[in-house]
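I opened my notebook to look a few things up, and you are welcome to read along.

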Amino acid sequence: MKKWRFVASVAALAAVAATAVMLVGSSAAAPTASYKAGLVSDVGRFNDKGFNQNQLTGLKFAKAHIAGLETAALESHSAGEYLPNFASLARKGYNIIIGAGFLLASQEATVAKQFPNTKFAITDVNLLTDSPFKGKKFPNVEGSVFATQENSYLVGCLAAMMAKKQGGNQTIGVVGGVKIPPVDAFLAGYKAGAKACNAGIKVLIGYSQDFIDQAKCKTVAQNQIDAGSQAEFAVAGPCGFGALDAAKENSVWGIGVDVDQSYLGKHILTSAVKRVDLWVYRAIKGAQAGQFKGGGNLSFNLANQGVGLGKVSSAVPASFLKKIADLRAKIVAGTIKPPTKVG
C-alpha cells in the first residue's frame, strides 16, 4: 500500500506539472532572473520632502509597474557614504544603479569605472558638459538634464507680476543652496522671467552654501526680505524650508521647488516642479528594455512635462495665468530660450 501511495503521489505531481506547461505554453523557458535597480540618496536623505524623496517615489513606482523588478534604496548620511553605497549595490549585482544628484558625480564615476558591466545613471548631471564625465568615455553611465530654467522663467514672471500688482518695493529674492549648475539653472530662469514681465523688478540672489541647515536659508531669505523682497524662491532642498518659513513669518510670497509645496500654506505662490520621479522610472524601464543611453542624457523639459508648475495661488489674477500660458507656449516652441547661467 505504501508503494502504491508513493506512485500515486508522483503521478499527481506529474499531472500538476503538465497542467502548468499547458497554461504557460509548450515553448515556455525557465523563469529568468529578475532585473535589479538601486538608488543612492545624497545627504538630504529620503525624508527631505522633495528632491530625494521624490526619486524614491519614482523607484517605488517602477517596482509597482515593471514586472519582476527588485529594488533597493540606500540612504547616505554623509558624503563619505556615497562611494561605499554605490559599491555595495554593484557588488550585489544590481543591473542599474542611480545616484540621486550632482553631489554624487565623482563617487559614481569612480565606481562606474570599477564595474564596467553595471549600468549607472545620475540625476542632474550632463555627461557631455559636467565633470568628471566631460570629455571622457563612460558607456555604462546615463545622465539626465532638467530644463528647470524653463519653469523657473514662468515662476519669476509670476512673482514679478504679483510684486507689480501689490506696488511698493519692486524686489523679489531667491535662495540657492550650493552654487552648482542644477541650482543655477533655476536661479537664471527665475531672474530672466522676472525681468521679462516687470522691467523695474530687482532680483536678489543669495546662496546658503548648504542643502540641509534650515537656519542658514532662513537667514539669507530674511536679509532679502529686509531689503524689500516681496517673494522668496527656495532652491536649496530641506534647507529651503527655512526660507519659506521666513516668507510666511513676514507675510510675503514663498515659492517651492522640486515638488508641489502648496501644502505649506496660503503664502505659497506656486512651485517649480522637477519630475525626478519620472526620470528614475524612465531610466530603469529604458535600461531593462535595452534603451539605455550610455554616455548620453535623458532630457526633461516643459514640452515633455518633465518640469512644470505646482498649484498656483487663488490670489493670482486670470490675466496673469494667461500670460504664463502664453510664455509657456513660446518656450515650448523655442521662441523663448531661458538662460541656464546666472548673469
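**Entry 1: the largest cavity**

I began with the lining of the largest cavity, to which H2, H6 and strand S9 (253–258) each supply at least two residues. Helices (H or I, at least four residues) and strands (E, at least two) are DSSP runs, numbered from the N terminus. I note here that the model is predicted: local features need pLDDT of at least 70, side-chain atom pairs count only at pLDDT 80 or more, and totals for chains, interfaces and linings use all residues. Residues are numbered from 1 along each chain as its sequence is written, and side-chain values use heavy atoms, with hydrogens and water left out.

Which element gives the most to this lining? I found that H6 does, with 3 residues. The volume of the largest cavity is about 260 Å³. I counted 22 lining residues, and nearest the centre lie Asp 42, Phe 51, Val 183, Phe 211 and Asp 258. By class, the lining has 13 nonpolar, 4 polar and 5 charged residues. For the classes, Ala, Val, Leu, Ile, Met, Phe, Trp, Tyr, Cys and Pro count as nonpolar, Asp, Glu, Lys and Arg as charged, and the others, Gly among them, as polar.

Grid points are joined across faces, edges and corners, and a volume is the space filled by probe spheres set on the points.

**Entry 2: the second largest cavity**

By this rule I get 3 cavities of 30 Å³ or more. The lining of the second largest cavity divides into 4 nonpolar, 3 polar and 3 charged residues.

**Entry 3: the largest pocket**

Next I looked at the largest pocket, with about 380 Å³ of space. It is lined by 18 residues, and Asp 130, Pro 181, Pro 182, Ala 185 and Thr 340 are the closest to its centre. Strand S5 (141–146), helix H5 (148–166) and helix H6 (181–197) are the elements that give two or more residues to this lining. The largest share, 4 residues, comes from H6. Sorted by class, the pocket lining has 7 nonpolar, 6 polar and 5 charged residues.

**Entry 4: salt bridges**

How many salt bridges does a search of the whole structure find? I got 7, taking a salt bridge as a side-chain nitrogen of Lys or Arg within 4 Å of a carboxyl oxygen of Asp or Glu. One of them joins Glu 75 to Arg 45, with the closest N and O atoms 3.5 Å apart. This pair links distant parts of the chain, 30 residues apart: Glu 75 is in the loop between strand S2 (70–74) and helix H3 (82–91), and Arg 45 in the loop between strand S1 (36–40) and helix H2 (51–65).

I then checked exposure, where buried means under 20% relative accessible area, exposed over 50%, and partly exposed in between (1.4 Å probe, protein chains only). Glu 75 counts as partly exposed because its relative accessibility is 26%, and Arg 45 is partly exposed at 30%.

Lys 179 and Asp 184 meet in another salt bridge, at 2.8 Å from N to O. Lys 179 is partly exposed at 48%, whereas Asp 184 is at 10% and so counts as buried.

**Entry 5: strand S10**

Is strand S10 (residues 268–274) mostly covered or mostly open? I found it mostly covered, with 7 of its 7 residues buried. S10 pairs with S9 in the parallel sense over 5 bridges; two strands pair if DSSP finds at least two bridges between them. Here Ile 255 has Thr 270 in S10 as its bridge partner. S10 also runs antiparallel to strand S12 (residues 307–309), joined by 3 bridges. There the partner of Val 273 is Gly 308.

Definitions and conventions:
1 Å grid on protein atoms, 1.4 Å probe; cavity = no way out; pocket = protein on both sides within 12 Å on 5 of 7 lines; lining within 4 Å.
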